[in-house]
Amino acid sequence: RDKLMIEFPILMLNNNSQMGKNDEHIILARSIFCAFSLVCCLILMIVYIILCLQVKFNICTNNGNNNSNDKIENDYSSDIGTNKGKNNNNKNNKKIGLGSNYMFLLTVSNFFGSLFEFLFYFYYKKKIEENKDEVNINKIYKNINDDGVCHFFGFFHNFWDLSAVCWTTMLTLLFYRSTNLSNEMLYQDKKYLAIGFIYCLVSCLIFCIIPYIIGNYGFAIYYCSFRYMEFNDSDELQPEKIYSKAFRWSFVIFTGLNNIFNAYCLIRTYQYYSKKLAIIKKQNKK
């Protein structure tokens, strides 16, 4: 019995140390994938900027000897990219489509989301080194949880993630509305771009900014987010507040509702264009 009483704390200490090392490896792996995402998003953003310059300075002007693929693309652009009446009067009046703008804003959200996730690894490493003499892993986590920088990371982690969800919803809505060429969303670019910004900012205000003001952010083992770390030393650390759980679950529910709506839009859009493609194949055979 005496031997067990001596060895048990040592075993727990080794397990805690291993637990911290595993956390570090998982955070490192997350950072590597985030770095890859940063590069991909940066490429997409550069492509968008090049497209904007081409349209602004009319670099890629279509000549009269367009092939059939260019003609199809131009017809499609005139149908859903700009106002029909204006296009008929001036075919050279080109602009970036609403879908491209939504995609750019989605890419920007993913870029900054990946950036903060990537930087978190270096913050985590620094905090672990500062507390390397601490034997209790829970105290290390508490020091990270109470740090203001972690709250900052947690806010932007949720802000950019939710922003990406909102712009994905606007993009899939545009896909769905494209099944009806008379829908105003296909021609009222500025209006629905403004609606997208309002939807994104209001959602982030309710589910991200208000929790930040109240103080619901902290360390969540592998990243900084809403506080939900369950510490073993319950006597030393205060339990999580009820409104912190409420914000966390409301964030999850709101994201889930967006995902259900996105799935519905994509399924209906797929069904519509599958029928259209089947008709085109029959016509091509004839």
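Helix H7 and helix H8 cross in a left-handed manner. The side of H7 that takes part in this contact consists of Tyr-199, Ser-203, Ile-206, Phe-207, Cys-208, Ile-210, Pro-211 and Ile-214. From H8, the partners are Tyr-243, Phe-247, Ser-250, Phe-251, Phe-254 and Asn-258. Sorted by type, the residues of this contact comprise 11 nonpolar, 3 polar and no charged. The structure is a predicted model.

H7 covers residues 189-214 and H8 covers residues 242-285. Angles over 145 degrees count as roughly antiparallel, so H7 is roughly antiparallel to H8.

**The chain as a whole**

The protein contains 8 helices and 2 strands. Read from the N terminus, the order of its elements is α-α-α-α-α-α-α-β-β-α. The protein has 286 residues, and 36% of them count as buried. Among contacts with a separation of 6 or more, 76% join residues 24 or more positions apart.

**The disulfide**

How many disulfides does a search of the whole structure find? The search finds 1 disulfide. A disulfide is a covalent bond between the sulfur atoms of two cysteines. Here the two cysteines are Cys-150 and Cys-224, with their sulfur atoms 2.0 Å apart. The link between Cys-150 and Cys-224 is left-handed, with -110° about the S-S bond. Cys-150 belongs to helix H6 (residues 148-177), while Cys-224 belongs to strand S2 (residues 224-226). The two cysteines are 74 residues apart, and the pair links distant parts of the chain. Both Cys-150 and Cys-224 are buried.

Cys-166, in contrast, is in no disulfide. The nearest cysteine sulfur to Cys-166 is that of Cys-200, 4.8 Å away.

**Accessibility of single residues**

| Residue | Relative accessible area | Class |
|---|---|---|
| Cys-166 | 1% | buried |
| Cys-265 | 1% | buried |
| Ser-203 | 5% | buried |
| Thr-107 | 5% | buried |
| Leu-205 | 41% | partly exposed |

Is Ser-203 buried or exposed? Ser-203 counts as buried because its relative accessibility is 5%, and the cut-off for buried is under 20%. Ser-203 lies in helix H7 and is one of the H7 residues that make the contact with H8. Apart from neighbours within four places in sequence, Ser-203 is in contact with Leu-162, Cys-166, Cys-208 and Phe-254.

Leu-205 is partly exposed because its relative accessible area is 41%, which falls between the limits of 20% and 50%. Leu-205 and Phe-159 are 46 residues apart along the chain, and their C-alpha atoms are separated by 8.8 Å.

Thr-107 is found in helix H4 (residues 98-130). Which residues does Thr-107 touch, not counting residues up to four places away in sequence? They are Cys-41, Leu-44 and Met-45. Thr-107 is buried, with 5% relative accessibility.

Terms used: Residues are numbered from 1 along each chain as its sequence is written. This is a predicted model: local features need pLDDT of at least 70, side-chain atom pairs count only at pLDDT 80 or more; totals for chains, interfaces and linings use all residues. Side-chain values use heavy atoms; hydrogens and water are left out. Axes are lines fitted to C-alpha atoms, for helices over the stretch in contact, and angles run from 0 to 180 degrees between N-to-C directions. Helices (H or I, at least four residues) and strands (E, at least two) are DSSP runs, numbered from the N terminus. Angles under 35 degrees count as roughly parallel, over 145 as roughly antiparallel, 65 to 115 as roughly perpendicular and the rest as oblique. A crossing is left-handed if the near helix is turned anticlockwise from the far one by less than a right angle, and right-handed if clockwise. Contact means heavy atoms within 4.5 Å. Ala, Val, Leu, Ile, Met, Phe, Trp, Tyr, Cys and Pro count as nonpolar, Asp, Glu, Lys and Arg as charged, and the others, Gly among them, as polar. A disulfide is a pair of cysteine sulfur atoms within 2.5 Å. Buried means under 20% relative accessible area, exposed over 50%, partly exposed in between (1.4 Å probe, protein chains only).
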